[in-house]
Amino acid sequence: MKASYLGAMGYSERRNFPIAWPIPPAYHDPETSVRSYQEGMAECELAEEIGFDWISFSEHHYSGRIATGTPVVMAAAVAERCKKAKIAILGHLLPLNNPVRVAEELGLLDNITNGRLIIGFLRGTPNEDQTYGVNPAEGRGRLLEGMDLIIKALTEPQPFSWEGRYYQYRTVAVWPRPVQQPLPPVIVATRSDDTVKYAADNHLGLGVSFLPVDEMAKITDKYQSWCQAAGWQPEPEQIVYRGSIYLSETDKQAQDWFENLTRSKPAPAIAMRSTVAGAIDAARTGSEFDLRNVVAGSAQGDIVGLSPSLSFVGGPDTVAKQIKAFHDRCGVGVVDLFFQQPSVDHRDVMKEIELFGREVLPQINEF
């Protein structure tokens with residue numbers, strides 16, 4: 001099993017943000033922002049150094065918590081520092097973007113990284129539609145048509161025209177071509193049946209974010225069944241889980257951290273107060289624990305609240321067991337980890353990465 005580091009590039013003073021979206025620009029200080037990106041890139045470098053196989057980026061808007069509105073720009077910068085890890089765009093929010101422009105960006109990034117690109121297609125949360133005034137009712141259709149168009153744009157050797165419901169182009173002829181032929185690996189990040197089936201029917205990977213293991217299993221069971229019906233079997237790296245992590249030297253330290261967090265911001269944390277102990281106990285006993293009450297279920301999706309979701313929390317052995325549950329039950333081959341919790345500063349994130357590389361990574365590499 002492989003590990004991926006989510007390069008969120010969160011603003012270093014994010015602990016002071018309101019629990020809301022969008023984050024008011026008044027919270028932005030240029031000097032702090034520049035330092036925050038430098039710290040985020042240093043975290044990516046350390047993650048690669050200690051053995052993470054992927055570094056991932058995703059598109060979010062109006063957010064200082066995941067401050068990568070144009071993920072390919074951030075990915076290109078990190079790719080110049082990190083020369084071995086795969087660079088995963090997980091992903092563009094397709095309904096918000098021009099698909100031809102996305103294809104051009106992906107082709108360029110695969111060349112810049114000399115064939116290290118992983119592509120991710122993503123619908124996004126409803127609040128993101130407000131950014132560019134996209135009609136939410138068109139989101140699913142734009143996603144499906146956009147995926148078709150981008151794949152053709154990256155693989156078709158001759159210029160072609162496109163007459164779709166949402167996109168019309170007289171001529172499409174994307175340069176540069178991807179280094180990886182015929183196409184870099186593609187992950188469809190989704191929970192919806194129609195796009196899960198699209199991934200299976202088109203021999204594409206599947207990504208799921210911030211769900212508990214039993215909920216993800218319902219999705220991956222369908223995906224595996226539809227893959228079999230389409231005549232193929234996905235490789236382990238084609239099933240990706242993105243989760244948020246807090247790692248301490250011991251379970252007790254992790255639980256104390258969480259209790260301190262809930263005491264400092266009690267309003268949104270009341271329902272979450274017992275989740276760390278429950279998750280730790282579940283990992284010890286092998287039983288299932290439902291983390292839905294710590295998954296942000298509002299329109300803000302995975303960028304709001306005290307934590308996007310505490311999918312993995314505890315000491316090294318407990319976190320390794322929690323990750324193993326996704327491998328064993330859902331077939332996950334890559335776990336994409338969000339370390340930048342709102343109350344955790346850069347120094348502590350670096351300590352967590354080092355601890356993960358020393359104590360957790362050797363365990364999950366055996367799965």
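Two strands are taken to pair if DSSP finds at least two bridges between them. Helices (H or I, at least four residues) and strands (E, at least two) are DSSP runs, numbered from the N terminus. The structure is a predicted model, in which local features need pLDDT of at least 70, side-chain atom pairs count only at pLDDT 80 or more, and totals for chains, interfaces and linings use all residues. Residues are numbered from 1 along each chain as its sequence is written, and side-chain values use heavy atoms, with hydrogens and water left out.

Strand E9 (residues 239-247) pairs in the parallel sense with strand E11 (residues 334-338) over 5 bridges, and Gly243 stands opposite Leu337 in E11. Parallel pairing over 4 bridges also joins E9 to strand E10 (residues 310-314), where Val313 is the bridge partner of Tyr246. Strand E8 (residues 205-209) is likewise parallel to E9, with 4 bridges; Gly207 has Val240 of E9 as its bridge partner.

Because 9 of the 9 residues of E9 are buried, the strand is largely enclosed by the rest of the structure. Buried here means under 20% relative accessible area, exposed over 50%, and partly exposed in between (1.4 Å probe, protein chains only). In a regular strand the side chains alternate between the two faces of the sheet. Ile239, Tyr241, Gly243, Ile245 and Leu247 point one way from E9, while Val240, Arg242, Ser244 and Tyr246 point the other way.

Helix H4 (residues 139-155) has 17 residues. Its buried residues include Leu143, Met147 and Ile151. The buried residues of H4 pack against several elements, among them helix H3 (99-112), strand E4 (117-122) and helix H5 (193-201), contact being heavy atoms within 4.5 Å.

Note on methods:
The expected span of a helix is 1.5 Å times one less than its number of residues.
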